[in-house]
Structures are given as C-alpha cells and as structure tokens.
Amino acid sequence: MEYLKYKGYTGSVEYSEEDKCFFGKVQGMTKDGITYEGDTVEELTRDFEGAVDDYLQ
C-alpha cells in the first residue's frame, strides 16, 4: 500500500524504523498540512480518515 484514499483526498503511507510506526500526510495541500500516524495500518487508516473529517468540518 502506497496511498490511502478517502472522500477525494489521497494520503501517503510511510514507515519509520526509528519510531516503529506508520505516518503520512495528505497530498496536494500547500497551505493546510494534514498529517496522521498509527502503530498499525488499521490505526493509520483511522487517523487519516479522522483527520480528513476534522479538516472538512
């Protein structure tokens, strides 16, 4: 998996060996940066979708 998709937004998926967690940011946003993280892919996905929902509110 290289990208997450939700409500028309695309987010990157990266892994930090140092921190032992997944992280990413929503692509194409220059002014408002949306980042998210999780210890598992499921947590990463939930945090990504929650971050997008919060941004849209």
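**View 1. Lys-7, exposed at a relative accessible area of 53%.** Exposed means over 50% relative accessible area, buried under 20%, and partly exposed in between (1.4 Å probe, protein chains only). This is a predicted model, so local features need pLDDT of at least 70 and side-chain atom pairs count only at pLDDT 80 or more, while totals for chains, interfaces and linings use all residues. Residues are numbered from 1 along each chain as its sequence is written, and side-chain values use heavy atoms, with hydrogens and water left out. Lys-7 sits in the loop between S1 and S2. Its phi is positive, about 50 degrees, even though Lys-7 is not a glycine.

**View 2. The S1–S2 hairpin, with two residues between its strands.** Strands (E, at least two residues) and helices (H or I, at least four) are DSSP runs, numbered from the N terminus. S1 covers residues 3-6, and S2 covers residues 9-12. They run antiparallel and are joined by four bridges; two strands pair if DSSP finds at least two bridges between them. Look at the two sides of S1: Leu-4 and Tyr-6 make up the covered face, with Tyr-3 and Lys-5 on the uncovered one.

**View 3. Lys-7 and Asp-53 meet in a salt bridge.** The N to O distance between these side chains is 2.9 Å; a salt bridge needs a side-chain nitrogen of Lys or Arg within 4 Å of a carboxyl oxygen of Asp or Glu. Lys-7 belongs to the loop between S1 and S2 and Asp-53 to helix H1, so the pair ties together parts 46 residues apart in sequence. Asp-53 is partly exposed, at 24% relative accessibility.

**View 4. Lys-20 and Glu-17, another salt bridge.** Two salt bridges are found in the structure. Here the side chains of Lys-20 and Glu-17 meet at 3.7 Å, N to O. Glu-17 is exposed, with 55% relative accessibility. As for Lys-20, look for it in the loop between strand S3 (14-16) and S4. Lys-20 has a positive phi too, about 55 degrees, and is not a glycine either.

**View 5. S4 and S5, an antiparallel pair.** S4 (residues 21-25) is joined to S5 by four bridges. Phe-23 stands across from Glu-37 in S5. On S5, the covered face holds Tyr-36 and Gly-38, whereas Thr-35 and Glu-37 lie on the uncovered face.

**View 6. A negative surface patch.** Its members are Glu-18, Asp-19, Glu-37, Asp-39, Glu-42, Glu-43 and Asp-47. Patch residues have over 30% relative accessible area and no salt bridge, with like charges joined within 9 Å and nonpolar side chains (Val, Leu, Ile, Met, Phe, Trp, Tyr) within 5 Å. Helix H1 (residues 41-56) supplies the largest share of the patch, three residues. Asp-39 comes from the loop between strand S5 (35-38) and H1, and counts as exposed at 53% relative accessibility. Glu-37, also in the patch, is on the uncovered face of S5.

**View 7. Gln-57, in the segment after H1.** Gln-57 is exposed, with 79% relative accessible area. Take the C-alpha atoms of Gln-57 and Thr-45: they are separated by 19 Å, and the residues are twelve apart along the chain.

Terms used. Areas by Shrake-Rupley, 256 points an atom, 1.4 Å probe, with all protein chains shown as cover. Lys, Arg positive; Asp, Glu negative; His and termini not counted. Charge placed at Lys NZ, Arg CZ, Asp CG, Glu CD.
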